[in-house]
Amino acid sequence: MKSVNFFSLLVVVLALTVGVAGCKKTPKGVTSIPGLPSTVPGADQTGGPVKPPGPDQSGKLPEDSGVKPANVTPEGTIPLSARPDGMFPDREVFKQQTVYFDFDRSAVKPGEKAKIEAVAAHLKNETANKVEIEGHCDERGTEEYNRALGERRALAVREYLVNLGIAADRISTVSFGEDKAAVEGHDEAAWAKNRRGEFVLLKPKP
Amino acid sequence: MKLNPSLYLRPATPFLLALALGTFAAEEKLDITKDATHLIPVALSGYTGEAASVLRFDLEVAGFKIVGPGEAQFIVTGKNNGQVEGRVTDRINKATIMEAKAYANGSQRLQAHWLADDIVFALTGKPGIAKTKIAFKGEVGKHSEIFIADYDGHNAVAVTRDSTIVAAPCWVPGRRILYYTSYKSGYPDIYSHDLSSGERRVFSRYPGLNTSAAVSPDGKRVAMILSKNGSPDLYVCNADGSHLAQLTKTREDESSPCWSPDGTRICLAARVNERRALYLVPASGGPMTRLRTEGVLNPTEPDWSPDGKTIVFTSQMGSFNICTVPASGGVAQPLKEGEDPTWAPNSRTVIFTRRLKDKRILSLLDVPTKQVKDVIQNSGSCSQPSWAK
C-alpha cells in the first residue's frame with residue numbers, strides 16, 4: 001500500500017545533489033525541509049463545528065412505533081429504539097439495583113435477577129418513566145473489546161426487562177467499557193465492583 | 001557480531017559492494033537467516049543534544065543498536081551546529097554507504113528525523129518512518145481527548161476539547177482526517193474530523209453503541225461496530241454514511257475491525273460458540289471464517305500490515321501480549337507484553353499500549369528484533385494509537 005506522510009502532501013521535496021568523491025565532508029546539496037502549521041485547525045474550538053447527523057437523523061428504526069411486543073431478529077436480538085430525548089435522569093432511585101457480572105461474561109446471574117425485577121416493577125407502575133442501562137467492564141479486557149462487552153451486558157439486562165413485560169422502546173443502553181470504573185484498584189475486589197450494569201431512571205420533564 | 005552487508009545496502013550500490021566484500025563474503029554468509037532479528041551496530045559521531053537523541057531514538061526504533069565506533073558496522077558522521085548534516089560509511093568494508101547530506105529549514109529535531117530516514121533508506125533500502133504521525137487517546141484529568149503527535153510522541157496536540165470520553169481514533173489513509181468515537185452527546189457516536197479545515201461531522205449516531213471506525217485503504221468505505229440491532233455487530237457504509245450494511249449477525253459482541261490492504265476483507269475480534277477468536281469477513285458481505293492463531297488465547301484488536309502479509313493483534317492469557325500471525329492464519333508469535341498494536345507504514349514497526357502500575361503509555365516495537373522504545377509521554381494515560389499511513 002502506498003504510504004503518504006503529511007509533508008509530501010504539502011511540499012515538493014527538493015532532490016538532493018550528491019557530492020562528488022573526495023569532497024565528502026562538505027555537502028553540496030541541501031534538503032530544504034518545509035514548515036508545518038504549528039496548530040491543528042479546529043483544535044481550539046469547543047469540539048469543532050458539528051454538522052447535523054447524516055442518514056438516520058432521528059435514530060428511529062422503521063419498526064419503532066409505540067408500545068407493542070418487541071421485534072426480535074432471527075438471531076434473537078431486540079433492535080434498539082431511538083435514544084431518549086428531553087428526559088430528566090435520576091441516578092439515585094436504582095442505586096441498589098446495580099447488576100454485577102462474572103469476568104468476561106454478559107449473562108445475567110440468577111442472584112442478580114431480583115434487582116432487575118424491582119426495576120421492572122417500578123416501570124410497570126410509572127408508565128411515563130423510562131430507564132437507561134449503563135454497561136461497564138473491569139480493566140482486564142482490551143479497550144474496544146470492553147466497549148462492546150459493556151454494551152452486550154446492558155443489552156442482556158434490557159432483554160431481561162423486555163421478558164418481564166417492559167416495552168423495548170422504554171429501555172436505552174450506553175456502554176462505557178472500562179472508562180468509568182466504580183472502584184479504583186487492580187484486584188478482584190475492585191474488578192468485581194466494576195463489572196456492572198447501572199440503571200438510570202428517566203422521568204418526563206414536568 | 002557478523003553481518004552480511006548486502007542486506008543493509010541500498011540496491012543502487014551493488015558494484016561498490018562487490019568490491020568491498022572481498023574476503024568477508026564466505027564467513028558472513030552463515031548468519032543470513034538470523035540477520036533480520038539482529039540489531040545492526042551503528043556509531044554516531046559528531047552529534048550533540050537534541051539532534052543526537054533524535055538520531056539515536058529513530059535508529060533504535062528502526063532496528064539499529066547505537067555502539068562505540070570500535071564495535072560499529074556502520075558509522076554516521078556529521079554535525080548539528082547550524083544545519084544537521086551526515087554521511088554513512090561501512091567501517092568494516094571501508095565503503096561509503098551514503099554521501100554527505102545536509103538539511104535546511106525546520107527545527108533541528110525535524111532535520112534529524114530527515115537524516116534518520118535517509119540513513120535507514122541507505123542501509124535497508126526501505127523508507128523510514130521518522131517523519132510520520134500518530135493519533136491516540138490521551139487522558140486529561142478525568143476526561144480523555146484525541147491527540148495527534150509525531151510518531152515519537154513529540155509535538156502532541158489535542159484535536160478535541162469535548163471534556164468527555166473519547167476513543168478509537170483512526171486516520172483516513174493519506175489524508176489529514178480522523179474518525180473517532182466521542183461521548184459528547186452522552187452516548188458513543190462516531191465523528192469524522194478534517195484536521196486541515198477543522199470541520200467535524202457526526203458520522204454515525206444510531207441508538208446504542210457506535211465505535212471502532214476503520215476506514216478502508218481507498219478511503220471510500222468505513223467499517224464500524226454498531227449495536228442498533230440489539231447486539232454489537234460489524235457494519236460497513238460508504239464514506240458519506242450511505243449504504244449501511246450489517247456484515248455480522250451474532251448475539252455476542254464483535255469488536256475492532258480492520259481492513260485487508262486490498263480492501264476485500266475485514267478482520268475483527270468476535271466470540272462464536274463461546275470461543276473468542278479473530279474472524280475474516282468479506283467486505284461485500286458473506287460468512288465469517290475463523291483466522292487460526294495457534295498457541296495463544298483470546299485474540300482481539302487485529303491490525304493488518306500494509307504489505308498484506310501479517311496481522312498483529314493482542315492476546316489475553318493472564319496478561320496482554322502483542323502477537324503476530326500470517327494473514328493466512330497459522331502459528332501466532334507472541335512478541336512483547338502490551339495491547340492495541342497498530343502497524344507503521346513500513347509494515348515492520350508497531351506502536352502499542354503498555355500498562356505501567358497506574359498509567360498506560362505508548363511504545364514502539366521493531367517486530368523483527370523485538371526492540372521496544374517508549375514514546376515521550378503526556379502526563380496522563382495514553383492508549384489506542386493509530387498510525388497515519
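This is a predicted model: local features need pLDDT of at least 70, side-chain atom pairs count only at pLDDT 80 or more; totals for chains, interfaces and linings use all residues.
Which strands of chain B does helix α3 of chain B lie across?

**Figure 1. Helix α3 of chain B on strands of chain B.** Helix α3 of chain B covers residues 49-61. The strands it lies across are β28, β29 and β30 of chain B, with β29 spanning 360-366. Relative to β30(B), the helix runs at about 140 degrees.

**Figure 2. The open sheet β27-β28-β29-β30 of chain B.** Four strands make up this sheet, and their pairing is antiparallel. At the edges are β27 (339-343) and β30 (371-374) of chain B, each of which pairs on one side only. From one strand to the next, the twist averages 30 degrees.

**Figure 3. The pair β27(B) and β28(B).** Strand β28 of chain B consists of residues 349-355, and three bridges join it to β27(B) in the antiparallel sense.

**Figure 4. The open sheet β17-β18-β19-β20 of chain B.** This sheet has four strands with antiparallel pairing. Its edge strands are β17 (255-259) and β20 (289-291) of chain B, and each pairs on one side only. The twist from one strand to the next averages 40 degrees. Helix α3 of chain A, residues 143-163, packs on the sheet and touches β17 and β18 of chain B. The direction of this helix makes about 125 degrees with that of β17(B).

**Figure 5. The pair β18 and β19 of chain B.** Residues 265-272 form β18 and residues 275-282 form β19, and the two strands pair in the antiparallel sense over eight bridges. Opposite B:Arg271 stands B:Arg276 in β19(B).

Methods
Residues are numbered from 1 along each chain as its sequence is written. Chains are lettered from A and ligands numbered from 1 in the order in which they are written. Two strands pair if DSSP finds at least two bridges between them. Axes are lines fitted to C-alpha atoms, for helices over the stretch in contact, and angles run from 0 to 180 degrees between N-to-C directions. Two residues are in contact if their C-beta atoms, placed from the backbone, lie within 7 Å.
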